[in-house]
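Please look through the coordinates and the sequence below before reading on. The points that follow are meant to be checked against them one by one.

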Amino acid sequence: MEDTIVAISTALGVGAISIVRVSGKEAISVVKKVFTNANFGEAPSHTIHYGYIKDQNENIDEVLVMLMRAPKTYTTEDTVEINCHGGINTTNKIVEVLLKNGCRLAEPGEFTKRAFLNGRINLVEAESVNDLITAKTDAARNMALNNVGGMLSSKIKNLRAKMVQVLANIEVNIDYPEYEDELEVTHNILNKNLAEISTELQKLIADSKNGRLIKEGINVAIVGKPNVGKSSILNTLLDEEKAIVTNIPGTTRDIVEGSISLNGILLNFIDTAGIRETDDEVEKIGVIKSKKIASTADLILFVVSNNEKISNDELELLKEFPREKLLILINKSDLKTKIDVDKLKGYEYFPGNIFDTNGLDKLKEAIINKFNLGKIITKDVSYISNLRQIELVNKAYKSLENASLAEEKKLPIDIIEIDLRDAWEYLGELIGDAYNEELVDNIFANFCLGK
Ligand SMILES: Nc1nc2c(ncn2[C@@H]2O[C@H](COP(=O)(O)OP(=O)(O)OP(=O)(O)O)[C@@H](O)[C@H]2O)c(=O)[nH]1
Ligand SMILES: [Mg+2]
């Protein structure tokens, strides 16, 4: 935190402009040493300056430099952003010059980590910055932006405030146990408040499923035996010739991926190698991979051919997958029906083919129904959405349930207090009120360099 850090904040590649960001106590004095504009060092905050970045006497690039003095900056420290020409050599050279003059290269996410450690944003807001950068749909971006702005953390803070009120009430009782009436009142209030908080936590947990869907989308593995038309289906869905299609069984060897947005939710389709017994070494690896992809997918689109009898191998394979994760597409419905659909009794299946887009509309409809996508509110929401957050809210909920149970049994009030305090602490951990250094390092390690 004492070091002055530097990093390229834009993607490294050829572009009109790149931004090199510097933050820390020496940010202004280091840049002053390598910048030709003489007014820069004494200029007021939030001003832009024109000049050249130089390496001793050699000009490196013509730049615009943004000067932002603490504390109204991203990190709350003195911050300088150099807008240079967006060439790889130019940008790297500017970083090199700054390193030579006293900066240290920032770690991934270190600017945002400083914003957190310096108290400008809380942990949930910091995580949302990353969500915003990686958002792939309008809904994901909208949710992340709300959370960067504090929508989710204020929900958590309100819950904690309610808990504190109840805790204070309990404290009064522990301090003045001689008032019997007071104890009765406390139990009544406690009952009502615990129920209220519990409902809100339950809602947070229930909504987190939507949060994950909005943020990560749905992974759909397209699996089945060779030649049933899996890759053709992928191409039709994406409206793009992404995967190779031939009438030779065993065409697809490796996975091919592509995504579309459905009701604002990202569907990631993963086409896999047709599953069959084979002596071909490459195909074997493909088959193992297909099964692995299917086992981790949110949905398995199992493709069979309308034009063939369903084989025992296919029926055996179907049994390997959890039924609730399966949708069966009877492809090639334009061809003569030879399949015996009775064998698919108990499974959710529907016909389709790659020439009739309405058929694939049915597939989309089936996915919408399966994941309740029609009911998900994707606008102006602030769901919890990562595993860390979900785990902590679950822990808070469990502690609260224990408190409610103790309350029901009319156990001594200080026992209830312990559970309630635990719940309050878990939510504190969620927003980073209390944090563990290793955990914080882990969170920010997933960020891009320069953010
Ligand atoms: N008539 C008809 N032919 C189809 C349909 N879908 C795919 N095909 C044909 O079926 C053959 C196999 O298609 P692919 O998409 O390569 O099949 P696959 O399941 O990916 O096969 P592997 O990669 O070998 O596992 C090709 O000749 C396609 O043109 C369909 O709906 N109707
Ligand atoms: Mg294929």
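How many bridges join strand β4 to strand β5, and do the two run parallel or antiparallel?

1. Strand β4 (residues 58-68) and strand β5 (residues 79-86) are joined by 5 bridges and run antiparallel; strands here are DSSP runs of E with at least two residues, helices are runs of H or I with at least four residues, and both are numbered from the N terminus. V65 stands opposite I82 in β5.

2. On provenance, this is a predicted model, in which local features need pLDDT of at least 70 and side-chain atom pairs count only at pLDDT 80 or more, whereas totals for chains, interfaces and linings use all residues. Residues are numbered from 1 along each chain as its sequence is written, while chains are lettered from A and ligands numbered from 1 in the order in which they are written.

3. An open sheet of 6 strands with mixed pairing has the order β3-β4-β5-β2-β1-β6, where two strands pair if DSSP finds at least two bridges between them. At its edges lie β3 (47-55) and β6 (104-105), each of which pairs on one side only.

4. The protein chain is divided into domain 1 (5-122), domain 2 (126-213 + 383-432) and domain 3 (218-297 + 299-370), with bounds that come from an automatic or database domain assignment. The centres of domain 1 and domain 2, taken over C-alpha atoms, are separated by 41 Å. Between these two domains, 5 residues of domain 1 are in contact with 5 residues of domain 2, contact being defined by C-beta atoms, placed from the backbone, that lie within 7 Å.

5. L266 has its place in strand β9 (residues 265-271), and L266 counts as buried because it has 20 C-beta neighbours inside 10 Å; the cut-offs are 20 or more other C-beta atoms within 10 Å for buried, 12 or fewer for exposed, and partly exposed in between, with C-beta atoms placed from the backbone. Leaving out residues up to four places away in sequence, L266 touches K136, T137, G217, S259 and S261. I214 is 52 residues from L266 along the chain, and their C-alpha atoms are separated by 7.4 Å.

6. For helix α11 (residues 357-370), the 14 residues should span 20 Å at 1.5 Å a residue, and the end C-alpha atoms are 20 Å apart, which agrees; the expected span is 1.5 Å times one less than the number of residues. Just after α11, N372 takes a positive phi of about 55°.
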